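Hello,

Here is the structure I promised to pass on. My notes on it follow below.

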Amino acid sequence: MLLPNKLFSYNECVLSHFPRVLSILNQPLSVKELYLRVMPIISDPIEFIQLLDCLYALGKIDFNETGDLYLC
């Protein structure tokens with residue numbers, strides 16, 4: 001996971017994408033739909049998964065019974 005340090009600026013790390021992804025999730029979306037919407041911002045699927053992991057661990061997103069992501 002990329003966190004800001006001497007080698008990576010804040011704009012290059014996962015944390016900088018939190019607000020953008022959370023603003024897209026104003027309605028429940030599948031993981032695939034969310035990835036397609038954030039693909040211009042995050043082109044690497046591994047970085048996308050890391051982003052979802054962080055948001056889930058922080059309690060900002062969750063999954064419903066159909067597997068869609070939603071804001072907590």
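Buried means under 20% relative accessible area, exposed means over 50%, and partly exposed is in between (1.4 Å probe, protein chains only). S16 is buried, at a relative accessible area of 8%.

Some ground rules. This is a predicted model, in which local features need pLDDT of at least 70, side-chain atom pairs count only at pLDDT 80 or more, and totals for chains, interfaces and linings use all residues. Residues are numbered from 1 along each chain as its sequence is written, and side-chain values use heavy atoms, with hydrogens and water left out.

The overall fold

The protein chain has three helices and two strands. Their order from the N terminus is α-α-α-β-β. Helices (H or I, at least four residues) and strands (E, at least two) are DSSP runs, numbered from the N terminus.

The C-alpha trace spans about 40 × 25 × 20 Å along its principal axes.

Buried residues make up 29% of the 72 in the protein chain. Its accessible surface is about 4700 Å², and carbon and sulfur atoms hold 59% of that. Accessible areas come from the Shrake-Rupley method with a 1.4 Å probe; for residues, only the protein chains shown count as cover.

Contact means heavy atoms within 4.5 Å. Of the contacts in the protein chain with a separation of 6 or more, 41% are between residues 24 or more positions apart.

The segment before α1

L15, S16 and H17 sit here. Helix α1 itself covers 18-24.

S16 touches Y10 and N11, leaving out residues up to four places away in sequence. A polar atom of the S16 side chain lies 2.9 Å from the backbone oxygen of C13.

H17 is buried too, with a relative accessible area of 7%. Beyond four places in sequence, H17 is in contact with I41, I42, E47 and L51. The side chains of H17 and E47 are joined by a polar contact of 3.3 Å. A polar contact is a pair of N or O atoms within 3.5 Å; within protein, one must be able to donate a hydrogen and the other to accept it, and residues adjacent in sequence count only if both atoms are side-chain atoms.

L15 is partly exposed, at 31% relative accessibility.

Best wishes
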